[in-house]
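Colleague: I have some questions about how the terms are applied here. Show me the model before we start.

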Amino acid sequence: MDVTTMKAMTAAECQPLLSIKGLKTHFETRAGIVKAVDGVDIELGRGEILGLVGESGSGKSITGFSILGLIDPPGRIADGSITYDGRDLVSMGEEDRRQLRGNDIAMIFQDPSMTLNPVLRIDTQMIETVQAHANVSTAEARQRARDALVQVGIPSPDERLKTYPYELSGGMRQRVAIAIALINSPKLIIADEPTTALDVSIQGQIIHEVKKLCRKTGTALIWITHDLAVVAGLADRIAVMYAGRIVETGKTADLIERPLHPYTKGLIDSVPSHSTRGRRLHQIKGITPSLLNLPQGCAFRERCEKATKECLVAPKPTLLAGRLVRCWNPAL
Ligand SMILES: Nc1ncnc2c1ncn2[C@@H]1O[C@H](COP(=O)(O)OP(=O)(O)OP(=O)(O)O)[C@@H](O)[C@H]1O
Ligand SMILES: [Mg+2]
């Protein structure tokens, strides 16, 4: 970016789109406090694509739900801040937050039925979504709905608009849910494993289309997945989550070529690739610990091949080779 462009940008535009600092989202259960998200920092630029990766139960969805204000009791944001476009989302009232969802920030869920109403035709649902946030005629809203279906690669959009969700295949339903997420041109999309239930070729197509659209419209994206391979070709940066914390963040290529955290390395080694064909895939030993009973110090310590006595104390995030890493013994 040249100096003139920089000067022309307002202070607000220079800020990250989303800035999460020290986020803690806890659930008070009978068995104790589940610290699902326990001190997460995320920064996301305008138009940037971030892959949020980690095993099941690491706190990825709860991080996404926290951003959208979708945490219900017994869960609560116990600490930290979430700033979107200069506005504090944690203290924002429900009505403002509802306006922001669907207008500025959209979510795509793993299960499209979280978005789609089974008893309403696709056109009714899409037109409602447009008109909930924009004062436009039904004809104009229908045109936007049609355009959104075309954008996500749905053939014969006019016919599809007249169908009910059950008349569509799983892949088509998810495309419609994505079209609904995109329809009001949000600045940020949070996608929570939206392609996990689909077969690999449809997954690939959808990822390719979503990436193309985000690039075209300058939409920022957080793509949540347990599968590092899915975000390798999609994300600009990757954040690796383990037991409620981000253990490593870096540019996608750097992180994949040279993981610094032993957990990131374990995830990469367990991805099937051409180089490992015919060889047994590496598996990270042990299982994810219960969030109610985390080991003292680094939560990954008991599964880590590089653990030392130092790991009995929780490591703080440290900037190393352009990456933030929470580890006493990173691979340097
Ligand atoms: N309502 C709740 N009450 C108690 N604990 C909860 C609740 N919702 C989530 N948790 C816990 O929070 C932790 C993080 O959950 P989360 O859904 O964010 O995991 P995830 O990384 O998205 O996993 P997955 O890959 O399986 O979707 C889990 O241990 C889960 O059991
Ligand atoms: Mg999840």
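**Terms set against values**

Modeller: Ligand 1 has an oxygen atom 2.8 Å from a side-chain N or O atom of serine 61. The protein covers 65% of the 650 Å² of accessible area that ligand 1 has on its own; such areas come from the Shrake-Rupley method with a 1.4 Å probe, and for residues only the protein chains shown count as cover.

Colleague: What ground rules apply?

Modeller: This is a predicted model: local features need pLDDT of at least 70, side-chain atom pairs count only at pLDDT 80 or more, and totals for chains, interfaces and linings use all residues. Residues are numbered from 1 along each chain as its sequence is written, chains are lettered from A and ligands numbered from 1 in the order in which they are written, and side-chain values use heavy atoms, without hydrogens and water.

Colleague: What makes the approach of serine 56 to ligand 1 a polar contact?

Modeller: A polar contact is a pair of N or O atoms within 3.5 Å; within protein, one must be able to donate a hydrogen and the other to accept it, and residues adjacent in sequence count only if both atoms are side-chain atoms. A polar side-chain atom of serine 56 lies 2.5 Å from an oxygen of ligand 1, so the pair meets the cut-off. Glycine 57 uses a backbone N or O atom, at 2.8 Å from a ligand oxygen.

Colleague: Which element gives the largest share of the shell around ligand 1?

Modeller: The answer is α3, with three residues. β1 (18–29), β2 (32–44) and α3 (60–68) each supply at least two. Helices (H or I, at least four residues) and strands (E, at least two) are DSSP runs, numbered from the N terminus.

Colleague: Why is the pair of tyrosine 242 and phenylalanine 300 called edge-to-face?

Modeller: Rings of Phe, Tyr and Trp (its six-membered ring) pair if their centres lie within 6.5 Å; planes under 30 degrees apart count as stacked, over 60 as edge-to-face and the rest as tilted. Here the centres are 5.1 Å apart and the planes 80° apart, so the pair is edge-to-face. Tyrosine 242 is in strand β9 (residues 237–242) and phenylalanine 300 in the loop between α12 (262–269) and β11 (318–320), so the pair ties together parts 58 residues apart in sequence. The structure holds five aromatic pairs.
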